Amino acid sequence: MGAEKKWLFTLFSTTFLSILLLLLYSISAFSSPRPFPSLVQHGLHYPPAFGYYIYGGRGDKDRIFRLLLAVYHPRNRYLLQLGADASDEERYRLALALKSVPAVRSFGNVDVVGKPDRFSYMGSTHIAATLHAAAVLMKLDHGWDWFIALSALDYPLVTQDDLSHVFSSVRRDLNFIDHTSDLGWKEGQRIQPIVVDPGLYLARRTQIFQATEKRQMPDAFKVFTGSQWVVLSRSFLEFCLFGWDNLPRTLLMYFNNVMLAEESYFHSVICNSPEFKNTTVNSDLRYMIWDSPPKMEPHFLNITDYDQMAQSGAAFARQFQKDDPVLDMVDEMILNRGRNRAAPGAWCTGRKSWWVDPCSQWGDVNVLKPGPQAKKFEETITNLLDDWNSQSNQCT
């Protein structure tokens, strides 16, 4: 009788293990990434691609990872930066989180800055960090068409399929940059005061400081200002970085001593360049709510702002508190994105379920499937381009 019980126990154990292994194999077959059947194709005959620079500071690792997943697409290139005030451990944990995303592992199109420069949001080191990011993205990838900088406090209002679909009808030399030559109060409070950003020469970041005297407005070029949030063409950034004209370097030296230079540098370079001044579309493509007169930062958006935000036709919105419930609404109602998963697009071919990420399998990554939000965004772009076509001089 004891031998019979032992035999039945062995049989039961073997059967149970076989079923368990078969179940694990089945789940693995559905969830593990397959080798991608088509290469990423770039060029005028394919959808445009974007070079994203996503940055934040100490404690922003989770925010940056969430934002990356919300704007991820295999055709794009991404550079993530946690500021010098963040620890090496936080940077390591961000890099480790990226490895948990099957598509990121396979396409290898996301990088983390290992040794970030110190910069101040109020000083010229912010421009230096942005130019550095653009240069790194150019070296890493020759295929992207537009450069987009996002902070950890931003979030998209369209999918990447929406964005690429709408931008497919846009000339690839156009730049979306909110700008004006009407400086108003900024002339006396931002442009004329002489400031120094210690981040240029000190290892430890400190606050910018201001000289007692002001300087006259320049007459060798015209100063423009506007939103610091831009969507810049690759050709214009090549001009800024490797320019055959000395204008970008001259203005970089001038704005080295201007407060919040990020609000004027690219605007002044592009509008003083005969080659690029008529490539400016006067919008930053962002949804923000400002005080009147505006303060340093826009309001933090929340659930009460969702309807107006979703109907705005903007590509991105800012700013948000960490893990605000309105971000969950955007994930669910616009991006169709699950927790810790990339926002799905036409490239995702896996079956969606609570245990399987649909983007753990993929097909042709050069195919797009725009969603309902694309129509609102397309109306925005169409109206902006109509205005652009109706003006002979874009920088006034």
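How many salt bridges does the count come to? The count comes to 17 salt bridges, a salt bridge being a side-chain nitrogen of Lys or Arg within 4 Å of a carboxyl oxygen of Asp or Glu. The structure on display is a predicted model, in which local features need pLDDT of at least 70, side-chain atom pairs count only at pLDDT 80 or more, and totals for chains, interfaces and linings use all residues. Residues are numbered from 1 along each chain as its sequence is written, and side-chain values use heavy atoms, with hydrogens and water left out.

**Stop 1: the salt bridges of Asp331**

Select Asp331 and Arg66. These residues form a salt bridge whose closest N and O atoms are 2.9 Å apart. The pair links distant parts of the chain, with Asp331 in helix H12 (residues 325–335) and Arg66 in helix H2, 265 residues apart. Helices (H or I, at least four residues) and strands (E, at least two) are DSSP runs, numbered from the N terminus. Both Asp331 and Arg66 are buried; buried means under 20% relative accessible area, exposed over 50%, and partly exposed in between, with a 1.4 Å probe and protein chains only.

Side chains of opposite charge can pair when their charged atoms come close.

**Stop 2**

Next, select Asp154 and Arg318. Their salt bridge has its closest N and O atoms 2.6 Å apart. This pair also links distant parts of the chain: Asp154 lies in strand E5 and Arg318 in strand E14, 164 residues apart. Asp154 counts as buried because its relative accessibility is 3%, and Arg318 counts as buried because its value is 5%.

Now show the strands themselves. Three strands form an open sheet of mixed pairing in the order E5-E14-E13, where two strands pair if DSSP finds at least two bridges between them. Strand E5 (154–156) and strand E13 (286–287) are the edge strands, each pairing on one side only. E13 runs parallel to strand E14 (residues 316–318), and two bridges join them. Within this pairing, Tyr287 stands opposite Ala317 in E14.

**Stop 3: the largest cavity**

Where does the search find cavities, and which residues line the largest of them? On a 1 Å grid over the protein atoms alone, a cavity is a set of points where a 1.4 Å probe fits but cannot get out, and a pocket is an open set with protein on both sides within 12 Å along at least five of seven lines; lining residues have an atom within 4 Å of a point. Grid points are joined across faces, edges and corners, and a volume is the space filled by probe spheres set on the points.

A search of the whole structure finds three cavities of 30 Å³ or more, and the largest cavity holds about 80 Å³ of space. Its lining includes Arg66, Asp154 and Asp323. Helix H2 (61–71) and E5 each supply at least two lining residues, and H2 gives the most, with three.

**Stop 4: the largest pocket and strand E1**

Move to the largest pocket, in which about 860 Å³ of space lies. Of its 41 lining residues, Gln228, Glu263, Met296, Glu297 and Arg318 lie nearest its centre. Strand E1 (50–56), helix H7 (185–191) and strand E10 (225–226) each supply at least two residues of the lining; H7 gives the most, with three.

Select E1. Seven of its seven residues are buried, so E1 is largely enclosed by the rest of the structure. Phe50, Tyr52, Ile54 and Gly56 are buried on one side, and Gly51, Tyr53 and Tyr55 on the other. E1 runs parallel to strand E4 (residues 146–151), to which six bridges join it, and six bridges also join E1 to strand E2 (residues 77–82), again parallel. Tyr52 stands opposite Ile148 in E4, while its bridge partner in E2 is Tyr78.

**Stop 5: Val166 and Thr380**

Finally, select Val166, in helix H6 (residues 160–167). Val166 counts as buried because its relative accessibility is 1%. Val166 and Thr380 are 214 residues apart in sequence and 9.9 Å apart in space, C-alpha to C-alpha.
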